[in-house]
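The sequence and structure are shown first, and the points follow by topic.

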Amino acid sequence: MKHITRRSFTSLTSKGFLGTALLGSIPFAKGFTPGQNNKKLGIALVGLGSYSTYQLAPSLQETDHCYLAGIVTGTKEKESVWKEKYNIPKKNIYNYENFDDIANNDAIDVVYVVLPNSLHAEFCIRAAKAGKHVICEKPMAVNVDECDAIINACNEHGVKLAVGYRMQSDPYTHEVKKYVKEKTFGDVLFVSSDAGYVSNGNPGQWRLDKSLSGGGALMNMGVYAIQTSIYGAGQNPISVSAQEFSTRPEYFKDTDETITAQFKFANGAVAHMMTSHNANGNRLKVHGSMGWFELDPAHSYGPISGRTSNGNILEFPFKKQQALQMDDFAKHILLNTKNIAPGEMGKRDMIIVEAIYKSISEGGKEQVLVLGNLGIVP
Ligand code: NAD
């Protein structure tokens, strides 16, 4: 049972959350009707950069269980633009300095941190201290210690935590996870996964500045390839070996350009991943003892596309992944459904990121991973 502080207890009871949590095993808890406006959770986006502007805010117009209630921005001019566009009351608009006052605002239930990676820990911890549930964008932080600090703060303050792993809510991901679990194509033998794009933008951008990003392609796109390797294999790896390649050192001065890595799994399966800021990649292919399946594209905003060795083309109705993801987290809070992208999953991926960098620094030496089932959501 999670420890609940006086402040978070008051905040939760005032919203009826404890009641709904206790009733969580009932498919739709008492007093809750899906799609009913006054029961939607209020989300505040922290950091109004491109992902908040072009993906999260539009997706929040399509969610059933949550809505865009507030914003936190360091840019004064954005306040009036967002206020007008999304009808956000002035009392729900914060900057980075007065952000902690959000503790006194009952209209905000969830804080979604969408800042450069090295700021995730600070703002997630401040949100937890304010008694707000937290969504932290990927990568969860810039090292494992920061992931632990976020998880501990959320536990201590009795709030729920998810990582912004939108692919975990995508129906194509659910389908390939089912193939692996049900051995539709036999035992998994080999997984190949790529996640990269060609970066040509402003060399001063935060993604190329290690102090803000924590690393290059691996931190940015690499987490997708780590995730697909794991759900393609259906289990956590037991070791990793990695290599780094550089062809444009004048542009990628501070961060990694291209990384490849090989994972071993306890059942003998092997995975190979590639991530890059200088080569395109967007694919998952899984070879089993009785056939194969692939997603290509595998992790863009959608629609995703997939096919199998028995000639099937995967086709699911399109809905914005971010809308599905935020609704999944809202349902976890309101109805006690499972958290499909918990903090432990973000921490597990950061343990792997650190092991990949260590392997590279040791000339590709295999690193043992002792993960158990950390971050695996059955
Ligand atoms: P962005 O550069 O477009 O926006 C960053 C925002 O942070 C801006 O509003 C900027 O003003 C603000 N900011 C505050 N302090 C800053 C500082 N010291 N330096 C730079 N900017 C600062 O970035 P983005 O693409 O919106 O990415 C934000 C986060 O979202 C990152 O963690 C990224 O990995 C994640 N992201 C996730 C996905 C996904 O598919 N899940 C997609 C894109 C980005």
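The lining of the largest pocket divides into twelve nonpolar, 19 polar and five charged residues. The model is predicted. The volume of the largest pocket is about 700 Å³, and that of the second largest pocket is about 470 Å³.

**Largest pocket**

- Of the 36 lining residues, Ser50, Tyr51, Trp206, Arg207 and Tyr301 are the closest to the centre of the largest pocket.
- At least two lining residues come from each of helix 3 (50-59), strand 7 (188-198), helix 9 (217-233) and strand 11 (278-288).
- Helix 3 provides the largest share of this lining, with four residues.

**Ligand surroundings**

- The ligand is surrounded by 22 residues, of which Ser50, Asn117, Lys138, Arg166 and Trp206 are the closest.
- Ser50 and Trp206 are among the residues closest to the ligand, and both are also among those closest to the centre of the largest pocket.
- Histidine 120 places a polar side-chain atom 2.9 Å from an oxygen atom of the ligand.
- For tryptophan 206, the distance from an N or O atom of the side chain to an oxygen atom of the ligand is 2.8 Å.
- Tyrosine 224 has a polar side-chain atom 2.9 Å from an oxygen atom of the ligand.

**Second largest pocket**

- The second largest pocket is lined by 19 residues, and those closest to its centre are Lys177, Lys181, Ile376, Val377 and Pro378.
- Helix 7 (171-182), helix 9 and helix 11 (343-361) each contribute at least two residues to this lining.
- The largest contribution, five residues, is made by helix 7.
- The lining of the second largest pocket comprises eight nonpolar, six polar and five charged residues.

**Helix 5**

- Helix 5 (residues 120-129) is largely enclosed by the rest of the structure, because eight of its ten residues are buried.
- The buried residues of helix 5 are His120, Ala121, Phe123, Cys124, Ile125, Arg126, Ala127 and Ala128.
- Packing partners of these buried residues are strand 1 (41-46), strand 4 (110-113), strand 5 (133-136) and helix 6 (144-156).
- His120 is listed among the buried residues of helix 5, and its side chain also has a polar atom 2.9 Å from an oxygen atom of the ligand.

**Threonine 275**

- Threonine 275 belongs to strand 10 (residues 270-276).
- With a relative accessible area of 0%, threonine 275 is buried, because the cut-off for burial is under 20%.
- Beyond its neighbours within four places in sequence, threonine 275 is in contact with Ala195, Ala217, Leu218, Met221, Gly222, Glu257, Thr258 and Ile259.
- The side chain of threonine 275 lies 2.8 Å from the backbone oxygen of alanine 195.
- A polar atom of the threonine 275 side chain is 3.1 Å from the backbone nitrogen of glycine 222.
- Between threonine 275 and isoleucine 226, the C-alpha to C-alpha distance is 9.3 Å, although they are 49 residues apart in sequence.

**Aspartate 349**

- Aspartate 349 is located in helix 11.
- Aspartate 349 counts as buried, at 1% relative accessibility.
- Setting aside neighbours within four places in sequence, its contacts are Tyr165, Ile226, Gln227 and Ile230.

Terms used: Residues numbered from 1 in each chain as written. Predicted model: local features only at pLDDT ≥ 70, side-chain atom pairs only at ≥ 80, totals over all residues. Heavy atoms only, no water. 1 Å grid on protein atoms, 1.4 Å probe; cavity = no way out; pocket = protein on both sides within 12 Å on 5 of 7 lines; lining within 4 Å. Points joined across faces, edges and corners; volume = space filled by probe spheres on them. Nonpolar A, V, L, I, M, F, W, Y, C, P; charged D, E, K, R; others polar. Buried < 20%, exposed > 50% of the residue type's maximum accessible area, 1.4 Å probe, protein only. Contact = heavy atoms within 4.5 Å. Near = heavy atom within 4 Å. Polar contact = N/O pair within 3.5 Å; in protein donor to acceptor, adjacent residues only side chain to side chain.
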